[in-house]
Amino acid sequence: MDTEEFALVRDMLRTFATRHRVDSADAIEPQARESAQRALDDLGLAELRRTSPPAATVQECALLAEEHGRRPLTTSLLGTTLLAPELLRLLGSAAEASRPTVALDADLRFPRQRSARLVAWDCDAADSALHVAPDGTVRRLPLGPTAPTVDLLRTLRVAVGDGDGETVGRLGFEDGQRWQAYALVVVAAELVGAAGAFVELSTDYARDRRQYGRPVGSFQAVQHLLADATVLVEACASATRYAAWCLDHEPPHRALTAARVAKAEVNTSAVEAVYAGMQVFGGIAQTWEHVAHLYLRRVLVGAGLLATTADLLPALAEPLTVSSAGGSSGTARQPAMTTAGPERTR
């Protein structure tokens, strides 16, 4: 879309976020969640990546995900509005009338060869979940009961069938690379927005909070904390926006490498930035009524979402794998993602 059209879409999302933001955990109620999701659906953002060519670039979608992350919102922008439509587009099924989200392993990582349990992630208003097997086969799974999650703003449900549902299609090798890269970029972008907004909140608090007759922001130790946190957020933003650019302009294998680098950077730096903000807020940030823990929960869960740093670094150390069109032999197998550590439910 052109610059003016994108600015209009982003402004609509900002207005929506201001109206439907959650200011405390006590405000997270089913009726409010449903109302906010209907309002988001009315914006029509699910159509941005449904067509071929898409109406919006990956860079634009990443900026929208970043904007969504800046406010504590209960709406499913990533799962049902950005990720599932992109997966259907890659499969050539963009015109179907269903409203799926994506299925992940129970520990919220990319599905592995043998997944004992799957969950439908970020699934408000979804009617099913799309499971991408390591060989690229995509199956539609029905939704079961809700599943526990640390991120209070996001809904999880059990995906019934453990990968044995209706076959929707199969991703080729390069499309599998595009899918993994796009998912990593969109998730990383939302975490960049969350970490950046929380550091800004911490900075505003440091200006207003007074100790010993002076704003705490005048103390050098606090200034150093916030300066370091700001640099960390900028590093996250730079890596993620470059990865989004690569998806629009570079071959899939290069885009996947950039996306893995971005997610590895975000996994570490976004968490450190939020920890710094928590220190600036002090004891008030540890209370249930304060908004701080909503940001902290989202970023901590997001650091393990799709792929942990322990998954990404070995994958980045492997030689680049390109399809036969790129000069070396390719397969229909999904790009491998090494996993490590015990499974956990987020």
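This is a predicted model: local features need pLDDT of at least 70, side-chain atom pairs count only at pLDDT 80 or more; totals for chains, interfaces and linings use all residues.

Reader: Which residue of β4 stands opposite histidine 131?
Author: In general, strands of a sheet pair through backbone hydrogen bonds, either parallel or antiparallel. Here the pairing of β3 with β4 is antiparallel, and the residue standing opposite histidine 131 is arginine 139.

Reader: Is strand β3 largely enclosed by the rest of the structure or largely open, and why?
Author: In a regular strand the side chains alternate between the two faces of the sheet. In β3, Ser128, Leu130 and Val132 point one way while Ala129 and His131 point the other way, and all are buried. Because five of the five residues of β3 (residues 128-132) are buried, the strand is largely enclosed.

Reader: Which residue stands opposite leucine 130 of β3?
Author: Strand β1, which covers residues 100-105, is joined to β3 by three bridges, and the two strands run parallel. Opposite leucine 130 in β3 stands valine 102.

Reader: Which residue of β2 stands opposite alanine 103?
Author: Strand β1 is also joined by four bridges to β2 (residues 118-121), and these two run antiparallel. The residue in β2 that stands opposite alanine 103 is alanine 120.

Reader: Which are the edge strands of the open sheet of seven strands?
Author: The order of this open sheet is β5-β6-β2-β1-β3-β4-β7, and its pairing is mixed. An edge strand pairs on one side only, which holds for the strands at residues 143-146 and 166-170. These edge strands are β5 and β7.

Reader: By what angle are neighbouring strands of this sheet turned against each other on average, and what angle does α4 make with β1?
Author: With direction ignored, neighbouring strands of the sheet are turned by 40° against each other on average. Helix α4 packs on the sheet and touches β1, β2, β3, β4 and β7, and its direction makes with that of β1 an angle of about 95°.

Reader: Are α4 and α5 roughly parallel or roughly antiparallel to each other?
Author: Two packed helices are described by the angle between their axes and the distance between the axes. The axes of α4 (residues 78-91) and α5 (residues 173-208) come within 10 Å and cross at roughly 165°. Since angles over 145 degrees count as roughly antiparallel, the two helices are therefore roughly antiparallel.

Reader: How many residues of the contact of α4 with α5 are nonpolar?
Author: The contact involves residues of both helices, including Leu82 and Leu87 of α4 and Trp179 and Val186 of α5. Its residues divide into no polar, four charged and, as the number of nonpolar ones, 10.

Reader: Is glycine 304 buried or exposed?
Author: Glycine 304 is found in the loop between α8 (292-303) and α9 (309-317). Its C-alpha atom and that of asparagine 267, 37 residues apart along the chain, are separated by 7.2 Å. With a relative accessible area of 1%, glycine 304 is buried.

Note on methods: Residues are numbered from 1 along each chain as its sequence is written. Side-chain values use heavy atoms; hydrogens and water are left out. Buried means under 20% relative accessible area, exposed over 50%, partly exposed in between (1.4 Å probe, protein chains only). Two strands pair if DSSP finds at least two bridges between them. Axes are lines fitted to C-alpha atoms, for helices over the stretch in contact, and angles run from 0 to 180 degrees between N-to-C directions. Angles under 35 degrees count as roughly parallel, over 145 as roughly antiparallel, 65 to 115 as roughly perpendicular and the rest as oblique. Contact means heavy atoms within 4.5 Å. Ala, Val, Leu, Ile, Met, Phe, Trp, Tyr, Cys and Pro count as nonpolar, Asp, Glu, Lys and Arg as charged, and the others, Gly among them, as polar.
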